[in-house]
Amino acid sequence: MTRCHEIRPYLEAFVDDELSTDNALRVEEHLGSCSTCGEEVRLTRALKRSLRDTILEEDRPTLAFRTRLAEVLAEEVAREEQRAPVAIPWRKRVTPVAFAAAAVAVLSLSNGEWSKLSGWSTSLSLLSGEAASRSHDDESAPTHQGASVVANPQKIIDQLVQYHQAATEPEVTDRSALLRFEPQVGVPMRIPELQQYGARFLGASVVPVERHRAASLRYNLGEHRVTVYLFNPQVVPVRSLQELQLRVIGDRAVFVGMRNGYSIAAIEQRGVGYMIATDLDDRESAELLASIR
Ligand SMILES: [Zn+2]
């Protein structure tokens with residue numbers, strides 16, 4: 001039987017449908033009996049899907065943003081073109097480790113630069129060989145250099161969990177009133193429809209997050225309380241929330257974790273960042289978030 005380390009370098013090309021029939025068969029055969037590599041394929045697919053959804057999203061507000069995206073895309077295309085077909089066996093694959101490294105790279109920038117960077121360029125750098133090669137040499141242990149600069153995302157999670165705990169009276173209880181939050185938060189108020197889980201919408205507020213703002217939406221789900229935050233992922237890239245673990249739910253990449261006894265999960269969907277804080281367990285939180293379209 002083919003061993004994992006022989007198959008791994010081919011997985012990303014496999015997902016992209018770029019392998020010769022022979023190699024694709026070898027990979028398929030291996031995947032039939034190896035759940036670890038199967039998980040890797042699922043993860044790679046989900047990441048690529050999130051990225052694709054992000055790029056397809058059209059109702060982005062600013063010209064500056066579009067310009068930046070066009071630049072990043074052009075760089076990415078140029079990089080793709082430089083890759084000779086024979087290089088596939090050495091092609092860097094996207095791993096959670098590469099992922100962490102890319103997030104660290106972004107966060108190492110100054111605060112000003114950080115806020116200018118969009119979540120998309122982060123996503124794009126994830127899929128570039130450059131980001132992956134940074135961590136490729138050390139597959140087992142994520143690098144923690146630069147860990148000291150990731151205090152902000154941690155603080156953000158703390159703050160949002162505290163708001164959930166405090167459960168203050170919502171500013172508005174009418175869904176249509178949420179539209180007026182858009183200029184403050186900077187993203188479209190796409191209200192998660194959680195009815196299929198029996199969730200009842202109670203109301204919403206705008207809350208300060210560091211120097212920015214998020215919309216806080218309160219729901220009841222049976223006797224559980226659920227807060228869903230909508231935020232601008234260009235300001236707080238979901239992937240910068242490093243202490244959250246990446247999990248694939250269906251075809252979505254969701255970041256999950258625990259804080260102060262509450263489960264939290266985050267996802268970026270069509271240009272909107274969502275984070276949930278609840279006393280449901282982490283699997284349920286992740287599923288709620290993954291249902292957002
Ligand atoms: Zn394997």
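Modeller: Of the 293 residues in the protein, 49% are buried. Keep in mind that this is a predicted model.

Colleague: How many helices and strands are there in the protein?

Modeller: The protein has twelve helices and seven strands. Among contacts between residues at least 6 apart in sequence, 66% join residues at least 24 apart.

Colleague: On to the metal. Which residues are the protein donors of the zinc ion?

Modeller: C4 and C34 and C37 each give their SG, and H30 gives its NE2. These atoms lie 2.0 to 2.3 Å from the zinc ion.

Colleague: What is the geometry of the zinc site?

Modeller: The site is tetrahedral, with angles of 98 to 116° among the four donor atoms. Along the sequence the donor residues follow the spacing C-x25-H-x3-C-x2-C. C4, in helix 1 (residues 4-7), and C37, in helix 4 (residues 35-56), are 33 residues apart, and this pair links distant parts of the chain.

Colleague: Are C4 and C37 buried or exposed?

Modeller: C4 is partly exposed, at 31% relative accessibility. C37 is buried, at 0%.

Colleague: Now the inside. Which residues have the most contacts inside the largest nonpolar core?

Modeller: Those are L178, F181, L217, Y219 and V228, in a core of 33 residues. Elements that each supply at least two residues of this core include strand 1, strand 2, strand 3 (224-231) and helix 12 (282-290).

Colleague: Take V228. What is V228 in contact with?

Modeller: Setting aside neighbours within four places in sequence, V228 is in contact with P192, L194, A215, S216, L217, Y219, Y274, M275 and I276. Another core lies apart from the largest one; it has 20 residues, among them L160, V235, L244 and F255.

Colleague: Y219 came up there. How many aromatic pairs are there?

Modeller: The count comes to one aromatic pair. F201 and Y219 have ring centres 5.7 Å apart and planes at 70°, so the pair is edge-to-face.

Colleague: Why does 70° make the pair edge-to-face?

Modeller: Because planes over 60 degrees apart count as edge-to-face, and the planes of F201 and Y219 are at 70°.

Colleague: Where do F201 and Y219 lie?

Modeller: F201 is in strand 1 (residues 199-209) and Y219 in strand 2 (residues 212-221), so the pair ties together parts that are 18 residues apart in sequence. F201 is buried, with a relative accessible area of 14%. Y219 is also buried, at 1% relative accessibility.

Colleague: Which residue lies over the face of F201?

Modeller: R175 does, at 4.9 Å from the ring centre. R175 sits in the loop between helix 10 (151-166) and helix 11 (182-185), and R175 is partly exposed, at 30% relative accessibility. Not counting residues up to four places away in sequence, R175 touches I191, E193, Q195 and F201.

Colleague: Last topic, backbone angles. What is the phi of D17?

Modeller: D17 has a positive phi of about 65° although it is not a glycine. Most residues other than glycine have a negative phi. D17 lies in the loop between helix 2 (11-15) and helix 3 (21-31), and D17 is exposed, at 69% relative accessibility.

Colleague: What about N260, and where is N260 found?

Modeller: Phi of N260 is positive as well, near 50°, and N260 is not a glycine. N260 is found in the loop between strand 5 and strand 6.

Conventions: Residues numbered from 1 in each chain as written. Predicted model: local features only at pLDDT ≥ 70, side-chain atom pairs only at ≥ 80, totals over all residues. Heavy atoms only, no water. Phe/Tyr/Trp six-rings, centres within 6.5 Å; stacked < 30°, edge-to-face > 60°. Helix = DSSP H or I, 4+ residues; strand = E, 2+ residues; numbered from the N terminus. Buried < 20%, exposed > 50% of the residue type's maximum accessible area, 1.4 Å probe, protein only. Lys NZ or Arg CZ within 6 Å of the ring centre and 35° of its normal. Donors = N, O, S within 2.8 Å, 3.2 Å for Na, K, Ca; no water. Tetrahedral: all angles 85-135°; square planar, octahedral: opposite > 155°, others 65-115°. Core = buried A, V, L, I, M, F, W, Y, C linked by side-chain atoms within 4.5 Å. Contact = heavy atoms within 4.5 Å.
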